[in-house]
Amino acid sequence: MLLNKTWRRRDNLESGAEIIEHKQGFSSGPVIRAKDLVVIKQGKTILKVEDISVFPGEVLAIVGPNGAGKSTLLTILACLEFPTKGAVFFRGHQVTRKNVLSVRREMAVVFQEPLLLDGTVRENVRLGLSLRGLKDDAERRVDTWLERFGITHLSGQMAHTLSGGEAQRTALARALVLEPKVLFLDEPFASLDLMTKHGLLKEFRGILEDSGTTTVLVSHDFSEVRALATRVIVLSGGKIQAEGTPDEISVDVLPKLKESVRPNLTGGWKN
Amino acid sequence: MYVCPYARGLPTRVNTCNAATLSYRGGLVDLVYTGLIKAIRLIVARDPEILEITFLTLRVSGLATLISLAIGIPLGLYLAVAQFRFRKVVVGAVNTGMGLPPTVAGLWVSILLWRNGPLGSLGLMYTPTAMVIAQAVIASPIVTGFTMASVQQLNPKLRLQIMALGASPVQFWWLIIKECRFGLLAAVMAGLGSVISEVGASMAVGGNVRHYTRVLTTAIVMEISKGNFDVAIALSFILMALSYGITFILTVVQQSRRRL
Ligand SMILES: Nc1ncnc2c1ncn2[C@@H]1O[C@H](COP(=O)(O)OP(=O)(O)OP(=O)(O)O)[C@@H](O)[C@H]1O
Ligand SMILES: [Mg+2]
């Protein structure tokens with residue numbers, strides 16, 4: 001185990017609703033908490049996490065090598081799939097098949113690929129609002145977020161004609177227009193070229209800071225993590241190996257990671 | 001009665017061979033041309049029997065297609081995403097069904113509908129309804145298979161993304177259908193194409209009864225067997241025009257501006 005002094009277990013907490021004193025000063029309860037998660041797919045245990053919480057206002061990064069189970073964990077936390085065992089709590093209430101839709105409607109997810117639907121940029125950005133039946137100030141909200149991601153001039157363009165960077169901006173706008181309680185990002189900048197990525201990352205950090213959106217970010221790229229995250233969880237082999245601030249992780253954990261794991265944590269973490 | 005000019009005076013042995021072989025030797029172009037002119041004349045003159053046959057064709061095949069869509073689209077959507085134990089067996093059956101010969105479908109439906117058969121009491125044998133049933137049996141696996149394939153062509157992560165956008169189950173399926181509507185329209189065309197052009201099942205369960213169950217394909221077969229090639233060709237032109245017309249409309253819909 002790659003245990004680290006910054007990694008703290010929270011064994012004694014009974015329910016997801018309990019108040020957790022977090023070392024970074026978040027003193028309200030977690031927005032999302034998952035307990036005793038086990039995910040088994042095709043007979044293989046691909047995730048085993050005893051306890052994980054996401055606190056209001058934080059940007060939690062989940063890092064780890066390929067196949068660590070990061071995307072799986074994100075899918076579970078975002079309530080897109082149910083774990084084989086264990087439970088997920090949203091603001092203290094257990095997520096069930098009955099309430100999962102209303103929980104999902106408090107969240108937004110951006111994947112590595114933009115996954116836009118057939119239609120214009122505007123239609124895509126408005127989609128989540130339409131699905132929620134929000135009509136009143138939908139157009140205004142869409143305009144605001146098109147503007148913030150600098151894609152106003154593309155609003156009438158068909159999604160399948162966009163460049164990678166434009167498409168990813170659209171996907172981010174489509175998520176943020178929902179003003180989600182929790183934003184999930186699964187390597188949202190990975191498919192972008194360095195220049196685009198750098199520019200978008202900078203803008204995106206500003207946007208996150210302004211909105212104070214609670215965020216879970218899956219990333220391979222430690223420069224991305226440094227730029228955005230307030231807390232980092234290292235996942236490997238489906239298990240949490242360490243937890244800490246980006247600085248702690250980069251100083252204490254990354255150098256100790258096994259050689260086989262380290263090359264996968266690409267992207268400037270050595271600084 | 002069409003008399004092949006080359007048949008006269010030939011030895012009996014040759015006479016017994018079918019008329020199509022003989023006619024090929026003389027004026028193929030002539031024959032097709034005569035057929036085309038005849039087709040246009042029949043249509044312009046609104047020949048009542050031709051209209052009747054054409055409308056019955058449209059009615060039977062249209063209805064059969066609608067039924068196959070009602071069965072095949074939901075089933076195809078389900079099979080594309082569902083995970084259950086015997087999925088491969090069911091999918092295999094669907095794929096086999098896509099190649100089901102119409103004659104075989106006709107045979108089994110007629111066994112069911114036959115007077116002493118399990119559904120014999122309904123008295124459906126040799127009715128247009130029987131033809132609709134048989135054609136629906138033919139088209140359903142085709143629509144199911146095409147639907148399944150078009151959903152499976154979507155990026156599987158798109159399903160997660162749509163869920164993540166907060167879609168209810170109904171909204172989810174609606175968006176999936178919209179995303180693969182090209183494939184679904186292809187399913188409609190393939191389904192309709194398969195039934196409007198089949199003859200084996202219509203003949204078996206419909207019987208080609210004049211003014212009742214005669215459709216374009218069964219009429220064509222009959223005219224060929226009678227040696228009336230010009231009429232057969234005329235009917236074939238009507239059938240092709242019909243197929244093309246419907247497919248053209250669907251294609252226009254399919255290729256219209258891609259929108260959300
Ligand atoms: N449906 C599935 N069936 C079987 N195994 C699966 C399935 N989905 C994921 N896995 C396995 O689970 C493990 C974790 O997958 P996951 O996608 O969560 O990894 P990841 O950390 O996101 O990796 P990457 O950095 O490459 O995106 C992998 O070994 C993968 O092969
Ligand atoms: Mg992943």
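Modeller: The account below begins with the pocket and then turns to chain A. The model is predicted, and the description should be read accordingly. The largest pocket has a volume of about 1,200 Å³. Its lining consists of 33 residues, and those nearest the centre come from two chains: A:Leu80 and A:Glu81 on one hand, B:Arg159, B:Leu160 and B:Met163 on the other. Chain A contributes two or more lining residues from each of strand E1 (32–41), helix H1 (70–77) and helix H2 (100–104). In chain B, helix H4 (48–81), helix H8 (156–164) and helix H9 (169–179) do likewise. The greatest contribution is that of H8(B), with 5 residues. Sorted by class, the lining comprises 18 nonpolar, 8 polar and 7 charged residues.

Chain A itself contains 8 helices and 10 strands. Of its 271 residues, 57% are buried. Among its contacts with a separation of 6 or more, 68% join residues 24 or more positions apart.

The largest nonpolar core has 65 residues, and A:Ile32 and A:Phe184 touch the most other members. At least three residues of this core come from each of domain 1 (1–106 + 181–271) and domain 2 (109–179) of chain A. Another core, of 46 residues, lies apart from the largest one and includes A:Ala108, A:Val121, A:Ile249 and A:Leu254.

Conventions:
Residues numbered from 1 in each chain as written. Chains lettered and ligands numbered in written order. Predicted model: local features only at pLDDT ≥ 70, side-chain atom pairs only at ≥ 80, totals over all residues. Heavy atoms only, no water. Core = buried A, V, L, I, M, F, W, Y, C linked by side-chain atoms within 4.5 Å. Buried < 20%, exposed > 50% of the residue type's maximum accessible area, 1.4 Å probe, protein only. Domains from an automatic or database assignment. 1 Å grid on protein atoms, 1.4 Å probe; cavity = no way out; pocket = protein on both sides within 12 Å on 5 of 7 lines; lining within 4 Å. Points joined across faces, edges and corners; volume = space filled by probe spheres on them. Helix = DSSP H or I, 4+ residues; strand = E, 2+ residues; numbered from the N terminus. Nonpolar A, V, L, I, M, F, W, Y, C, P; charged D, E, K, R; others polar. Contact = heavy atoms within 4.5 Å.
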